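These are my notebook entries on one chain. I set down what I looked up, entry by entry.

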Amino acid sequence: MALMTGPTCGMSRSTGVGRAYITLDRNMLHVSVYFERLEEIPITAQILDVNSMILYEVFLKQTDIEQKVCIVWSEIPRIYVHALKRGELQIVLTTKRRPEGIIGGPIIKHKMLSREVYNALLFPSSYQAGYGGVAVVDIQGNGDQLAIVGWLNSNVSVERKGIVPNVIFISLEKNDGRHRTSKTIRGRLTHLKVSNSSFMFEVSIHLNAVEQRWLSRGHLLMTLAGEQLFPKHFVGLFMPKQSCDVYQAVLSENFNMTSQEPNGTAGYAIIEILKDSAAKYKVKVADFKEEQFYGFTIERETRQNRKRVIAESSSPKEFLNGLTFGTLTHFLNVRNLQLLFREKLMFEMTDEDGNSLLRGPIRRVLHNDAVRLTNNLPTLLAGNRFKKRVKTSAAGIAWFATVDVEETCLLYYAVTLSSLPALKSEEITMNLCDRVNERCLLELKNIKSFNTDLKEIYLYGHVPLAPLAVLNALADEHLYLNVSTLLHPTGEIAGNISIENNCKPRRLQRDSFVAEDQTVNMLIRTNDCIYHEVTYNDGSSWPALHEECTTCSCQRGSIKCDPILCPQADCADPVKHPGECCPVCQMSDSNTSVEKGCFWTADNKWHAAGSSWHPYLPPFGYSRCALCTCIHSTSEVMCRKTTCPTPACPPNLRYRENALDCCPKCKDVVQRTEITEQVKPVTSSPLLGDASPGSCFFNNQWHQDKSVFAPKILHLGSLKCITCKCEVRNFT
């Protein structure tokens, strides 16, 4: 979790407050950011380290959900996972006028976050910029007991500076201002180490039936006050947890409470909880007539294995191509909303007599590049999608999305399968097929999966380079997903894929080409290069044939050629040998033959003994900062990097005369008064430690003079085999 507020001073001040939900699932980091009162629309979301270095950045679309930002960091490096667990990462939202960040905050952990049901963003009552908080609520007992954990960004008031602001008072009321409760709860703030102005509090509050109704309908207002706080009052309205995750139910015949012969019918339901705890739904079913069903219900199981309806639709719904949507008439109370977030509820489709037709558990699915609450609806997988109906109770829901990344079209997918006879990923085969041409185009491999329970399995992954035939079938609306098992090797359930293609039309670059893959009988784009009828792999280099003393390389399908860069010879009369591009000094050893030399595999060339050259490093070209030499006595190549002397000036006064120079220089005239102006006095900070003149500042920590310590490197921890010593010197 991250509490996100703006700076308290400067040009980037903001009264906005946000809250980030963080979920680390295997090697994927899912982040949902909910915010209010921002002065501008965010354009990027950034994940930073403790030194404010950008580790991951996402450019946001204007079509994203209002007041909500959804981020997925796939394949997060392990070193950043460790940094996340140590609390060394932070999240920032930036805008066009505030690229340094409009709101942000460090990621923190707490055991309450996994049980969260409601929350409230806390705003200063006097609209001061840079301050705010968040309160997280867990429901206990029968819904009449609230356990509240909160985080607050506040300061010590000027009048009472030096006194720890540890006493707060929390009161609850209806947001109409007329119904105030008689409860005033006293709490205590705990100072957090992440910042001097960060605090945490924990309280427990009992609610009566009326107050529970206020909470479930989004009418319960919380006020936090402290005499020693600045600002002194914070207010916030409780609402259900607002994240980007999707709650869905795969509806199948297997979950019916009355047994019946499978017929290959299926459906799905997408549930969205509004701020007033109302439940919106989108339902799609296959092979049902409207007169067969009456409505939908959300229910829970009782101890007697009976269902208890907690929400239902008011009247029969009309379907358009098997799709309908609406809002259930009953609002979810505090206890039932908790059961929904804990995946303890069922979604059911009933007939007029109340008998179950299709049924399935409501599951939470983490948002990713494929699973989002957008206009793109998921694909329904059922046994009746084949020309010859497959009578099976299996069903499924599949999310697909195309993403354009660096001139490459990626196809992401997330599939939930229910009631299959085989619930092991190795026993399930998924193919993308063309319905018109009646052939399969691509098998989805390298699938990651896990079982949600004994009846469901979740599979997800992506295709690194979507084949041209798949994109064409998608554009022509011929593409479908075929799921086969050992019992039904030709296919058990299937569904048509209808999504918007977000990939740009591919116009081949000047030196790229299209190759034919005979295994699947289709054309695919490649990043290789053809030069003089020879195919070179991406990243390879070779001597040019069209011009002497030139080297070419293949860079993602484009050919780049650079003239050879010759180093300066260390003699008055250098000699240029036949076949060499750069002049070299004549060897004084008369026994040395010009034919004797070195073969260097990096450029596939012979180099004369004693010659030196700059290495060619694709895709950057020739490196001026490295020099390779062919040792005439051993015929071996020795490469060394240019060693730069340390300039006798501060780093802010160093420059490079040319952009390609290796070593920096100092400005011609440096006045001592200019250097002294750069040194600013450092004040003492209770967070960082002693900042007195007799101490050293290293890696965000102060160390006393003459002290010895092991340096701590970000993501690596303390280096026990290296010691540092603080030595304070006086400059005169």
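**Entry 1: Salt bridges**

I began with E456 and R363, whose side chains meet in a salt bridge at 3.1 Å, N to O. I use the term for a side-chain nitrogen of Lys or Arg within 4 Å of a carboxyl oxygen of Asp or Glu. E456 belongs to strand β35 (residues 456-463) and R363 to strand β28 (residues 356-365), so the pair ties together parts that are 93 residues apart in sequence. Strands (E, at least two residues) and helices (H or I, at least four) are DSSP runs, numbered from the N terminus. Both E456 and R363 are buried. Buried means under 20% relative accessible area, exposed means over 50%, and partly exposed lies in between (1.4 Å probe, protein chains only).

I note the basis of these values here: the model is predicted, local features need pLDDT of at least 70, side-chain atom pairs count only at pLDDT 80 or more, and totals for chains, interfaces and linings use all residues. Residues are numbered from 1 along each chain as its sequence is written, and side-chain values use heavy atoms, with hydrogens and water left out.

The structure holds 14 salt bridges. I next looked up E39, which forms one with R98, the closest N and O atoms being 3.7 Å apart. E39 sits in the loop between β3 (28-36) and β4 (44-48), and R98 in the loop between β7 (90-94) and β8 (103-106), so this pair ties together parts 59 residues apart in sequence. E39 counts as partly exposed at 38% relative accessibility, whereas R98 counts as buried at 11%. Through shared partners, salt bridges join E39, E40, R97 and R98 into one network.

R342 is in the loop between α3 and β27 (346-350) and D138 in strand β10 (residues 132-140), 204 residues apart. R342 is partly exposed, with a relative accessible area of 40%, and D138 is buried at 2%.

**Entry 2: Nonpolar cores**

Which residues touch the most other members of the largest nonpolar core? They are F238 and F347, in a core of 58 residues. Such a core is a set of buried Ala, Val, Leu, Ile, Met, Phe, Trp, Tyr and Cys residues joined through side-chain atoms within 4.5 Å. Helix α3 (residues 334-341) gives the most to this core, with five residues. The core draws at least three residues from each of domain 1 (2-240) and domain 2 (246-365); the bounds come from an automatic or database domain assignment.

I then listed contacts of F238 (heavy atoms within 4.5 Å). Neighbours within four places in sequence aside, the partners include N119, A120, V137, L172 and M222. A second, separate core has 32 residues, among them F400, I457, V470 and L471.

**Entry 3: A three-stranded sheet**

I looked up an open sheet with the order β42-β43-β44 and antiparallel pairing. Two strands pair if DSSP finds at least two bridges between them. Its edge strands, β42 (541-543) and β44 (558-563), each pair on one side only. Strand β43 (residues 550-555) is joined to β44 by six bridges. C552 stands opposite C561 in β44.

**Entry 4: Whole chain**

The chain has five helices and 59 strands, and 47% of its 732 residues count as buried.
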